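Good morning. I will take one protein chain and go through it in a few minutes. Please have the picture open.

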Amino acid sequence: MSIPEPELMDTLRCPACVGQLGPARDVDQDSLVCSKCGEEFPVIRSIPRLLLSPFREALLGNGMAAGTDARQLQTALSFGFEWTRFPEMYDEWSRSFLEYMQPHPAEFFYSRKVLDAGCGNGRFAYYAAKYGAEVWAMDLGPAVEVAHRNTAKAGKAQVIQADLHRPPFAPESFDFVYSIGVLHHLPDPESAFQNLLRYVKPGGEIQIYLYWKPEGQPIKRVLLAMVTARDKLRRVCRTALITR
């Protein structure tokens, strides 16, 4: 794993009961086990898969398990499909990252512990790590595979697969938490936001960006409608792909 194991264990918690995680006793099995409830989570291609088993099974294509939110599952698969098909990193994203992070300059990230909540293909986590942060990048779906590759040489970055409604971290773990263009896609954005607040250290900061409906700005309204239409098309295309 890209972050030494002691740091991994100090930060991560079981998403089911918030118990301490540790490596599996079976040396032939790469997984993390909760010391409190016994839930076991696989580590696949250096990515801890910290999802509860019903949702994890659904993402693997093993049916819709009880308690799984169909809309949340479809969103995760849709974005995962997009980032897998378009995994490239672009130089202009450096400027985009700093624009989103205003008023914080690049120097702000040095030596800070940062959570990227909904990292997609890892483009923002890459720059946070490049500027010296210890970055924890989480996403719900298969986009984590792309994020892991894109952040591999950025610096100190750990990608995990997890649910924003059940972040697998110790409370007050991060100096800075950000989520860009993610929460409005969730079934319960307010609940996810309240959850994220629990993981900010006293004196830390959280920065959230959402889509909005611009009033009196017809060009921006058109652009937003195009983005919304794209999201709907992506879900339709993904559904078609699954049901073939």
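Start with Lys113. Setting aside neighbours within four places in sequence, Lys113 is in contact with Thr11, Glu134, Trp136, Ser173, Phe174, Asp175 and Phe176, where contact means heavy atoms within 4.5 Å.

Before I go on, the ground rules. This is a predicted model, in which local features need pLDDT of at least 70 and side-chain atom pairs count only at pLDDT 80 or more, while totals for chains, interfaces and linings use all residues. Residues are numbered from 1 along each chain as its sequence is written, and side-chain values use heavy atoms, with hydrogens and water left out.

Lys113 sits in strand β5, residues 113-117. Helices (H or I, at least four residues) and strands (E, at least two) are DSSP runs, numbered from the N terminus. Is Lys113 buried or exposed? Lys113 is buried; buried means under 20% relative accessible area, exposed over 50%, and partly exposed in between, with a 1.4 Å probe and protein chains only. Lys113 has no salt bridge, and the nearest side chain of opposite charge, Glu134, is 4.1 Å away. For charge, Lys and Arg count as positive and Asp and Glu as negative; His and the chain ends are not counted. A salt bridge is a side-chain nitrogen of Lys or Arg within 4 Å of a carboxyl oxygen of Asp or Glu.

How many salt bridges does a search of the whole structure find? It finds four. In one of them, Asp175 meets Lys201 at 3.4 Å, N to O. That pair links distant parts of the chain: Asp175 is in strand β8 (residues 174-180) and Lys201 in strand β9 (residues 200-209), 26 residues apart. Asp175 is partly exposed, because its relative accessible area is 22%. Lys201 is also partly exposed, at 29%.

Next, Glu145 and Arg45 form a salt bridge, with their closest N and O atoms 3.0 Å apart. Here Glu145 lies in helix α6 (residues 143-151) and Arg45 in the loop between β3 and β4 (47-48), 100 residues apart. Glu145 has 17% relative accessibility, so Glu145 counts as buried. Arg45 has 56%, so Arg45 counts as exposed. Arg45, Arg49 and Glu145 are linked in a network of salt bridges.

Last, the chain overall. It has eight helices and nine strands, and buried residues make up 47% of its 244 residues.
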